[in-house]
There are 2 protein chains.
Amino acid sequence: MKHKSIKPTGAELNILRVLWDQGTQTVRQVHSILNPNNESGYTTTLKIMQIMTEKGLLERDSSQRSHIYSAILREEDTQKKLLDTLVDTAFGGSAMKLVVQALGSNSASKDEISQIRNMLDQMEKEKS
Amino acid sequence: MKHKSIKPTGAELNILRVLWDQGTQTVRQVHSILNPNNESGYTTTLKIMQIMTEKGLLERDSSQRSHIYSAILREEDTQKKLLDTLVDTAFGGSAMKLVVQALGSNSASKDEISQIRNMLDQMEKEKS
DNA sequence: ACTTAACTACGACATGCTTCGTAGTACGAC
DNA sequence: GTCGTACTACGAAGCATGTCGTAGTTAAGT
């Protein structure tokens, strides 16, 4: 089995980001958030969201004149999939190299650091 | 200012991976490694490597009949750039969410775990 | 009723990526 | 030298993505 591999494109991810953060939205709302200065046209956003619906990335309620869209993909699942792809293509399969890189070039809060420590403890425990 | 943002495509990353791991290589060598069963043709690999050279991703020594290619991009730089992109597009800008995800769905060796711990220590130290 | 505004649907195009076939060229074996 | 092999160069085609324009429809205001 195996679901067809879901790999949102850049534009699709932007839209998913809005839906994940804001919940269900109309095309107009999504477009206003992503293009406050009309960098690209309304019908562009519309078209992409229509295609995403065909692809099974979004679902919509079309009972109203303005259709209302929501994400089908869960944020974490999508992130995991993209992460796996990046690990394979750019990090030669080593997720830990990726972690080290990410830690090295970004800053973390105290809470985040202790969260990560806890995860490491957990991983070590499972190792024995 | 800023160098033009270098974002290798999937096929390009495969080639870079070989060059990073193996050092300088001919097209034939790269192609044999990536397509042991001839999934795609030799001229495909050739063409992509030629284009990469035009783009400034590779350089080549063409003094021999078989040109010898090497990567211009450093592995770490490329990884960092792709990581940043992924953090922006898929993780809403939070590198630590990415780290947590990556740790959660992958396993690390003892050495890696302690390397990560050391990095966390370092980060905490710098925080005070 | 008419007009305007906002929406959906859809075709078309530009661009970039990947693929391949073909042509030309150099090398080596014989 | 001739032939076959391996190489480069390059044009062209298929596909996906992102872009937009236009047409058609619905709703609402006057």
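Two strands count as paired if DSSP finds at least two bridges between them. With that rule, strand 2 of chain A and strand 3 (residues 68–71) of chain A pair in the antiparallel sense over 4 bridges. Strands (E, at least two residues) and helices (H or I, at least four) are DSSP runs, numbered from the N terminus.

This is a predicted model, where local features need pLDDT of at least 70, side-chain atom pairs count only at pLDDT 80 or more, and totals for chains, interfaces and linings use all residues. Residues are numbered from 1 along each chain as its sequence is written, chains are lettered from A in the order in which they are written, and side-chain values use heavy atoms, leaving out hydrogens and water.

**The sheet in chain A**
- The open sheet has 3 strands in the order 1-3-2, with antiparallel pairing.
- Strand 1 (25–26) and strand 2 (58–61) of chain A sit at the edges with a single partner strand each, so one side of each has no neighbour in the sheet.
- A:Arg60 stands opposite A:Tyr69 in strand 3 of chain A.

**The A–B interface**
- Contact (heavy atoms within 4.5 Å) links 40 residues of chain A with 40 residues of chain B.
- The rule finds 4 salt bridges across the interface of chain A and chain B, each a side-chain nitrogen of Lys or Arg within 4 Å of a carboxyl oxygen of Asp or Glu.
- B:Asp121 forms a salt bridge with A:Arg117, with the closest N and O atoms 3.0 Å apart.
- Helix 6 of chain A brings 12 residues, the largest share of the side of chain A that touches chain B.
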